[in-house]
Each structure stands twice: as structure tokens, then as C-alpha cells.
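Here is a short briefing on how two chains meet. Look at the model first, then read the points below.

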Amino acid sequence: MASNNESQCYFVQLQFDSYLDGELSQTQREEFQSHVHKCQLCASEFKYAQTVYDFVLELPQLDCDDHVLEPIHRLGGGFQVASTTKPTFWKSLQELFTPVPMFVRYAFATALLVVLVLPLVNLGLMPSSEMPPLVAELPAGEAPQYTPQEIQQALAELNLAIQYLNEVGQRTEVMIGDRFIVTPIQESLDASFEVMRRVNADPLQDDPI
Amino acid sequence: MLDQYRQAIDQHRQRIYSFAHYSLRVAEDAEDVTQEVFIKLWQHWQKIDHGKLGAWLMRVAHNAVIDHVRQHRSTREQVDQFADVEQITQDLELGSTIDQDMFKRGLQLAIKDLDEPFRSIIIMRDVQGLSYECMQETLNMSESQVKVYLHRARRKLREDAQLRKMFDALTGSRKQKTTSTNKDEGSSHG
């Protein structure tokens, strides 16, 4: 008999949460209430269960202060809380142009550029189509006074200089090509192709959750 | 997009912060988790399904809380607002009584001490009133699994020894108040 009561208490106590959630049928509810009314132990345990249940349901929803979310709102480029500092000139300019369509902005910028550049070209401050002479023009009637020997020597020296520069250039090309350009570029290109191959093979590798 | 993002923050901030606070107990940690959740929302705004935004946010918050608990497991010396509750429960042996506010604080402490997923489930369902559907998506469980875990969580909560002591002290203090009120009425009529 005692073991029957104990097992009944065990099953009733298992039903505490279902009863509190309203998940028992009408018959089950009546049996539950009947047992709890008679059994002091189950009544005491049920009172505890109900108290805990009620207090948990009454726990308040908490909220954080606005300053906690200020950095978050800055991510979107704005402040929820009114800022006490004045907007900067560029910020005001940006806000002014925000409603203007993009193609209008580009057209305006291009027109402004043309308007500014044209007067500068006319004033000669910008390079025009005419290139300045490489050699200054001598006044008419004046010719350089060099002897043929001087001219011949100058030409020979010029040829030597050109030959020397060619040799240096060739040696430099070889050095740079072998040590500093070809091999590193080749290695870098190979590495880039390898990365691209891996990315294309697994496009879903970046999972946010 | 910016307006929608701000709307999402206003709509869900209380729920996210509440969940983090009841899970972690320390206000600063809850603020960190809240910030982390909304930063991730900004980063993944284009990719997520906005029809299930609530469940997505809760899932991120749930994972953030678990990561935070793992990282700070040994940091018990963190000052939290429930240190006085632990002191009170030690004094209950001496027959002291408590009020409802103290019992609520003890209850929050007991919730925080539950293991996962029991803690999250009891906070989501009983404290925040989330639907089973939302909890299914958040915790990646079926509805029947959620219900089973919920009942187990409540049972584990009731098995908390300190909470039981506080309940006995609470009901003991209620009985004392009732007794003293009856005595006062008797003396006034007498």
C-alpha cells in the first residue's frame, strides 16, 4: 500500500510542470488535484514548484543603457542619441549631396573640373599642345664658333659615353631580371593562382554562424 | 538599410540584453555580449533571412554566452550583484528570514548556475516567453525535445539546495508576519 502511494506521489510530482503549463487533460487535471489535496507531501512540493514557477515568470525584462549601443549605431554612420558636437563641414556637405542622384554628382564634378582647367590652360599655367623647343633658338645672324677638331672630339666622346651606358644597361638588365624581378614575380603569380584555385573549389568556406 | 538596422536593434535589444544578463549575472559581461551580437548583425545583414531575425539573434546571443562562460570559467572573483545572496544563504542556518526580493535574487543565481542547455531554455521560455518555434530554431531542437529539456530544467532548478533554503525561509517569514498580525489584532480587540 505504502509503495503504491509512493509511486503515485512520484508520478504526480512528475506532472507538476505539465499541470502548471496547462498541458494535462481534464481527467488528468482532476486526478492531479485530488491527489495533491489529500497528500501533504505532494501538496508541500507542489506549493514550492508553483512558487518557483510564478517567481520565474515574474522576473523582469532587463534593458541596457543607450551608451552601450552608441558604438553599434556608429557602425551605421549615425547616432541614435543626439550628438552634442556640431557636424563638420565635410559632414554637412555630404548630407547636402546625399539626396542628389549619382550621375548628377559626377556630371557636376566633371563640369567643375572643365571650368577650372580651361582658364589655367589659357593662362599658360597648364601644358599646351605646343612643346617648348629643346634647344633654345639663337638670335638670327649668330652661329656657334667651334673648330672641326673640337666637333670631332665631342662626337668621339659622345660615342664612348653611349657605348658605356649600353654596357651598363645590359649588365643591369641581367642582374635585375635574374635576381629581383623574374623569379619573385613567378613565385608570386604561382601563389596567387593557387589561392584562386582553392577559393573557387570551396565557395562556402566563410560561414557566419 | 540603416533605418531597418536601427529598427532591428530597438526591437530586439531588450531581449538580447535580458538573456545575456540572466545567463551571465554580471552587467558588464551582458553589455559586451549585446554589443557583440549587434556587431555580427551588421556584418551579416545581407546574408541572413530577415523573416527569422529574432531566432538568428537569439542563436548568436546563445553562442556568445557559451563562449563567454568558457573563456571566463576561472574568473570567479568578478564582482557581481548577487554576492550578497550567497552570504544570505549561509546565514539561513541561523534562522534568519528573507523577503521576496531576496528570493528573486536567489532564483536568478540558481538559474545562472544551471548547466546548458537548461539555463538557456528556462530563460527563453519562462523569463522571456519565447515561442517553442523560435526556441526550436535557436537551439536546433525539435519541439518535443525543447519541452522535455524545459521540464528537466525546472526540476533541476527546484533541486537547488540554496533555493530550497530560501523558500523555506521565505515561507517561514510569511508565517511569522501572519502570526504577528494576528497577535496585533488580538491585542487591539482585547
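In this predicted model, helix α4 of chain A (residues 40–58) packs against α8(B) at an angle of about 110°. The two axes are 10 Å apart. Angles of 65 to 115 degrees count as roughly perpendicular, so α4(A) and α8(B) are roughly perpendicular to each other.

**The helix pair**
- α4(A) makes the contact through Y48(A), A49(A), V52(A), Y53(A) and V56(A).
- α8(B) answers with R154(B), L157(B) and R158(B).
- By class, this contact has six nonpolar residues, two charged and no polar ones.

**Extent of the interface**
- In the contact between the chains, 47 residues of chain B meet 39 residues of chain A.
- Chain B and chain A bury about 4,000 Å² between them, and carbon and sulfur atoms give 61% of that area.
- R13(B), R158(B) and F167(B) supply 17% of the area that chain B buries against chain A, more than any other three residues.

**Polar and charged links**
- Six salt bridges are counted between chain B and chain A.
- One salt bridge joins the side chains of R13(B) and D63(A), at 3.2 Å from N to O.

**Make-up of the chain B side**
- Helices that each supply at least two residues to the side touching chain A include α1 (2–24), α8 (143–158) and α9 (161–189) of chain B.
- α1(B) gives the most to this side, with twelve residues.
- The residues on this side of chain B divide into 19 nonpolar, 16 charged and twelve polar.

Key
Residues numbered from 1 in each chain as written. Chains lettered and ligands numbered in written order. Predicted model: local features only at pLDDT ≥ 70, side-chain atom pairs only at ≥ 80, totals over all residues. Heavy atoms only, no water. Contact = heavy atoms within 4.5 Å. Buried area = accessible area lost by both parts, 1.4 Å probe. Salt bridge = Lys/Arg side-chain N within 4 Å of Asp/Glu carboxyl O. Helix = DSSP H or I, 4+ residues; strand = E, 2+ residues; numbered from the N terminus. Nonpolar A, V, L, I, M, F, W, Y, C, P; charged D, E, K, R; others polar. Axes fitted to C-alpha atoms, helices over the stretch in contact; angles between N-to-C directions. Parallel < 35°, antiparallel > 145°, perpendicular 65-115°, else oblique.
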